Amino acid sequence: MPRLPAITPESLPKAWTTEEIHRRWAGVRQRMKEANLDALLVCQHHSGEMITERQDGDADVEYLTGISLPFKWVVLPYEGKVTAFSTNQVKGAPEEKLAQDRGIDVRVARGPWSAGIIDAMKEANLGQGRIGVTDLVDASRQTEGEVTYTTYDAVLKAFPQAKFQPTSYLIDGVAALHSAEEIAVLEKSTQVGELGLQAMFATARPGVPQRTVWLAMFSAMVNASGERPFRVSVRADGEGNSALNRPLEEVMRAGQVLSQECSACVLGYGSQVNHSVVVGSSAPADWDAAAKDSIDTFQEMVALVAPGKTVKEVCAPFDKRLVARGEKPGALVIHSGGLGTLPRGGSAPPFGETVLKAGMVFDMKPTIRLKSGGTAQFGDSVLVTEKGARRLGKREMKIVKLS
């Protein structure tokens with residue numbers, strides 16, 4: 001892979017603009033109007049992934065505030081001020097002023113979360129309102145929801161005449177369509193991820209512990225973005241995600257295939273890149289064919305991307321190859337970019353029925369399994385434009401052997 005241009009935290013945007021945050025509020029409020037809601041009660045969201053993953057953030061809260069930490073709850077009325085709740089750690093922190101500059105009423109919880117939420121809702125005259133509650137049930141990767149029972153119970157009792165209803169995916173419908181500002185950030189995140197791949201290419205060799213490779217990738221991305229990566233999960237002769245985002249003590253052997261999920265982070269937004277490689281000069285007998293299949297599938301899928309197409313249509317080349325190899329169609333091949341909680345999947349419903357729209361960004365990563373237990377997986381973040389698809393990555397998709 002040719003040497004990539006240097007990226008430093010100083011070269012990246014420091015924060016989302018106020019205009020971007022207000023654009024998000026307007027989009028969410030339009031959805032609220034369509035759903036006949038007077039307010040949203042937004043809680044922190046914890047991903048169902050392993051706790052070591054970057055996706056332990058407060059995705060919906062972060063989307064509305066534009067700040068990764070330290071807010072835990074947001075009350076968003078259809079009209080009026082937006083209120084965000086935090087612990088006293090926010091006092092005096094740069095995030096406090098940043099939120100205030102964006103027009104957010106920042107409040108420190110001095111007791112139960114419910115007490116502050118109830119006060120904010122009373123001030124917004126929501127006593128008889130229709131309140132949408134995010135992540136109440138069927139949250140992303142958490143079918144039983146994530147709202148704290150005691151907090152929600154106290155709020156319910158305080159507003160006996162209000163009507164509460166789950167709205168787990170209302171914000172997702174807005175967040176899936178990215179603005180030009182968000183796309184620029186996702187492009188930078190993709191490039192930082194490619195620096196992680198570059199570090200992997202430079203360090204992965206027979207006899208080297210995977211921990212060494214992991215640390216090199218992690219350091220390269222942190223040094224470039226100044227943020228903890230969403231995910232660095234690397235495994236030899238196995239799926240990249242099977243390392244569970246941890247450095248392993250396994251020593252790489254010649255002929256092994258190293259796969260990974262490499263997702264950097266810029267302003268809290270992640271985008272994933274994937275590029276399996278062979279360690280050493282020898283390779284499994286089925287490696288070249290599998291790697292070519294994965295790369296060809298990726299290119300064919302990219303060529304099909306266009307507004308109005310369904311995910312199922314775009315996944316057709318992947319499903320065709322899976323069936324030819326005696327596997328079931330519908331495997332996970334698309335992972336939405338952004339805060340890590342947007343939908344992911346393959347051609348199977350309901351995700352396969354998703355209609356592509358300009359502004360969507362996702363990682364496409366077709367996986368072809370090897371007889372050795374390893375995988376050939378090549379992927380990149382792709383933007384849906386009015387004219388088709390645009391890769392956000394810059395590297396050449398090619399077969400690599402690290403001898």
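Two strands count as paired if DSSP finds at least two bridges between them. In this pair, Ser 86 sits opposite Val 108 of E4. Four of the five residues of E4 are buried, so this strand is largely enclosed by the rest of the structure. Buried here means under 20% relative accessible area, with exposed over 50% and partly exposed in between (1.4 Å probe, protein chains only).

This is a predicted model, in which local features need pLDDT of at least 70 and side-chain atom pairs count only at pLDDT 80 or more, while totals for chains, interfaces and linings use all residues. Residues are numbered from 1 along each chain as its sequence is written, and side-chain values use heavy atoms, leaving out hydrogens and water.

Now for the whole sheet. Six strands make up an open sheet with mixed pairing, in the order E4-E3-E2-E1-E5-E6. Strand E4 (104-108) and strand E6 (163-166) are the edges, each pairing on one side only. On average, neighbouring strands are turned by 20° against each other, direction ignored. Strand E5 (residues 130-133) pairs with E6 in the parallel sense over four bridges, and Gly 132 faces Gln 165 in E6.

Helices pack too. Helix H7 (residues 180-203) and helix H8 (residues 210-225) meet at an angle of about 145°, with their axes 8 Å apart. Axes are lines fitted to C-alpha atoms, for helices over the stretch in contact, and angles run from 0 to 180 degrees between N-to-C directions. The residues where H7 and H8 touch divide into 10 nonpolar, four polar and no charged. For this tally, Ala, Val, Leu, Ile, Met, Phe, Trp, Tyr, Cys and Pro are nonpolar, Asp, Glu, Lys and Arg are charged, and the others, Gly among them, are polar.

What about the inside? The largest nonpolar core has 65 residues, and those with the most contacts inside it include Val 28 and Met 200. A nonpolar core is a set of buried Ala, Val, Leu, Ile, Met, Phe, Trp, Tyr and Cys residues joined through side-chain atoms within 4.5 Å. Helix H7 supplies the largest share of this core, nine residues. A second, separate core has 29 residues, Cys 315 and Phe 351 among them.

Conventions
Helix = DSSP H or I, 4+ residues; strand = E, 2+ residues; numbered from the N terminus.
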